[in-house]
Amino acid sequence: MTGQEFVYRQPRNAVEVDRLLFAAWTDPLSGYGWDGDQHWTADLVRSWWHERSRLREWATSLHTAWSANSDEIYQELSAGLNDLLAYLDGELETDLRVYLYWLHERRSPDLNEVLPRL
């Protein structure tokens with residue numbers, strides 16, 4: 001198993017922000033970036049969304065393998081993949097639509113504003 005990680009959604013509360021910042025500050029390879037807006041475009045977001053089945057297949061495969069292992073670390077990793085899969089099938093669509101709005105308007109939408117389609 002290689003030591004790789006990624007942030008699959010924005011933190012939702014102070015504890016998650018703290019954990020994310022701690023991971024970024026202690027990362028010896030400086031792999032955490034704050035530069036997503038410099039790389040993502042609306043077309044790229046939509047393309048990624050339409051190919052998300054690749055992520056689901058990868059996460060499902062690892063989840064199956066890791067959940068069969070009784071070691072505590074694999075159980076924890078498996079639980080994390082479960083969270084990712086739930087997010088992928090749940091709130092991610094709305095979050096990406098909000099991000100598309102941000103990319104176009106450079107501000108968060110108000111509650112009554114229509115979000116772009118994926």
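**Surface patch, pocket and salt bridges in a predicted model**

A nonpolar surface patch of about 280 Å² is formed by Trp-40, Leu-44 and Trp-48. The structure is a predicted model.

Reader: Is Trp-48 buried, partly exposed or exposed, and what is its relative accessible area?

Author: Trp-48 belongs to helix H2 and contributes to the nonpolar patch together with Trp-40 and Leu-44. Buried residues have under 20% relative accessible area and exposed ones over 50%. Trp-48 falls in between and is therefore partly exposed, with a relative accessible area of 31%.

Reader: Which element gives the largest share of the lining of the largest pocket?

Author: The largest pocket has a volume of about 1,500 Å³. The elements that give two or more residues to its lining are helices H1 (14–26), H2 (42–50), H4 (72–88) and H5 (92–105). The largest share, 6 residues, comes from H5.

Reader: How many residues in the lining of the largest pocket are nonpolar?

Author: The largest pocket is lined by 34 residues, and Val-7, Arg-9, Gln-10, Gly-36 and Trp-40 lie nearest its centre. By class, 6 of the lining residues are polar and 6 are charged, while the number of nonpolar residues is 22.

Reader: How many residues apart in sequence are the parts that the salt bridge of Glu-91 with Arg-12 ties together?

Author: In the salt bridge between Glu-91 and Arg-12, the closest N and O atoms are 2.3 Å apart. Glu-91 lies in the loop between H4 and H5 and Arg-12 in the segment before H1, so the pair ties together parts whose separation in sequence is 79 residues.

Reader: Which residues are linked with Arg-12 in a network of salt bridges?

Author: Side chains of opposite charge can pair when their charged atoms come close. Arg-12 forms a salt bridge with Glu-91, and the side chains of Arg-12 and Asp-95 also meet in a salt bridge, at 2.4 Å from N to O. This second pair links distant parts of the chain, with Asp-95 in helix H5 and Arg-12 in the segment before H1, 83 residues apart. The residues linked with Arg-12 in the network are Glu-91 and Asp-95.

Reader: What is the N to O distance in the salt bridge of Arg-107 and Glu-113?

Author: A search of the whole structure finds 7 salt bridges. Arg-107 counts as partly exposed at 34% relative accessibility, and Glu-113 counts as partly exposed at 25%. The side chains of Arg-107 and Glu-113 meet in a salt bridge with an N to O distance of 2.7 Å.

Terms used:
Residues numbered from 1 in each chain as written. Predicted model: local features only at pLDDT ≥ 70, side-chain atom pairs only at ≥ 80, totals over all residues. Heavy atoms only, no water. 1 Å grid on protein atoms, 1.4 Å probe; cavity = no way out; pocket = protein on both sides within 12 Å on 5 of 7 lines; lining within 4 Å. Points joined across faces, edges and corners; volume = space filled by probe spheres on them. Helix = DSSP H or I, 4+ residues; strand = E, 2+ residues; numbered from the N terminus. Nonpolar A, V, L, I, M, F, W, Y, C, P; charged D, E, K, R; others polar. Patch = residues over 30% accessible without salt bridge, like charges linked within 9 Å, V, L, I, M, F, W, Y side chains within 5 Å. Areas by Shrake-Rupley, 256 points an atom, 1.4 Å probe, with all protein chains shown as cover. Salt bridge = Lys/Arg side-chain N within 4 Å of Asp/Glu carboxyl O. Buried < 20%, exposed > 50% of the residue type's maximum accessible area, 1.4 Å probe, protein only.
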